[in-house]
Amino acid sequence: MEIPYWNTGWLEVICGPMFSGKSEELMRRLRRAQIARKRVQVFKPAIDTRYSAEEIVSHSALRMPSLTVETTASILDQLDWRSQVVGIDEVNLLGDGLVEIVEKLADSGKQVILAGLDTDYLGRPFPPIPELLARAEYITKTLAVCMRCGAPAKHTQRLVADGELIVVGASGMYEARCRSCFEPRSPVQEQLDFGLPLRPPDEIS
Ligand code: ADP
Ligand code: MG
Ligand code: ZN
């Protein structure tokens, strides 16, 4: 059976390092959907309270109201099935199960727009973005500006010594770096720059 175009959903992924404009681009697309009078729902993970608990906020202070979710399952709990467009920011903070849920949303005819980090603080591919890229219809990679040299930056440099995969923070804790200025294993040196207490390198995994 032919599925009519107007009933077809799809996945859009916006990925890149911190400060590269992912949240700005997500909000730009969601605003256009609102202008087109589509039913739009926006979600973000509860753990991301950097600027606001109930809004997506960019580093340039653009903002948009959003629903807060603890886990991927609570996206389905809060979902209004009449929504035509579903946006989710910071998908790298939502954990397992997201891929299945967003596929279900797209299969059911919704435009699903996802934004998140594609690499972690060591430069490794950061789930679930790699799998989402393989499944998406549309992919956008945003780059930031390297804070050392001004080149296009694809890395998120952690400036504090912490071996946890997820440490929520913004400027002062992270900065954008290009591939030649990125130093994945040297937060101890950076602590000196920021006047933070120094920890021995063997505490940093
Ligand atoms: P992301 O969601 O990818 O972290 P945002 O959309 O929140 O990014 O913020 C992007 C904005 O951050 C830019 O428009 C710019 O105003 C600001 N900004 C701060 N540092 C940088 C940087 N190093 N490179 C590019 N933009 C930066
Ligand atoms: Mg963002
Ligand atoms: Zn650089």
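Visitor: Which residues are the protein donors of the zinc ion (ligand 3)?

Guide: They are Cys-146, Cys-149, Cys-178 and Cys-181, each through SG, at 2.3 to 2.4 Å from the zinc ion (ligand 3), where donors are N, O and S atoms within 2.8 Å of the metal (3.2 Å for Na, K and Ca), and water is not among the atoms, so sites may look incomplete.

Visitor: And why is the arrangement tetrahedral?

Guide: Because the 4 donor atoms subtend angles of 102 to 115 degrees around the zinc ion (ligand 3), and four donors count as tetrahedral if all angles lie between 85 and 135 degrees.

Visitor: What spacing do those donors follow along the chain?

Guide: The spacing is C-x2-C-x28-C-x2-C.

Visitor: New topic: how many aromatic pairs does the structure hold?

Guide: It holds 1 aromatic pair, and the rings of Trp-10 and Tyr-138 have centres 6.3 Å apart and planes at 75 degrees, so the pair is edge-to-face (rings of Phe, Tyr and Trp, its six-membered ring, pair with centres within 6.5 Å, and planes over 60 degrees apart count as edge-to-face, under 30 as stacked, the rest as tilted).

Visitor: What does Glu-24 do at ligand 1?

Guide: A polar side-chain atom of Glu-24 lies 2.6 Å from an oxygen atom of ligand 1, while a backbone N or O atom of Gly-21 lies 3.0 Å from an oxygen atom of ligand 1.

Visitor: What conventions apply here?

Guide: Residues are numbered from 1 along each chain as its sequence is written, with chains lettered from A and ligands numbered from 1 in the order in which they are written. In this predicted model local features need pLDDT of at least 70, side-chain atom pairs count only at pLDDT 80 or more, and totals for chains, interfaces and linings use all residues, while side-chain values use heavy atoms, leaving out hydrogens and water.

Terms used
Four donors count as tetrahedral if all angles lie between 85 and 135 degrees; four count as square planar and six as octahedral if opposite donors are over 155 degrees apart and all others between 65 and 115; anything else is irregular. A polar contact is a pair of N or O atoms within 3.5 Å; within protein, one must be able to donate a hydrogen and the other to accept it, and residues adjacent in sequence count only if both atoms are side-chain atoms.
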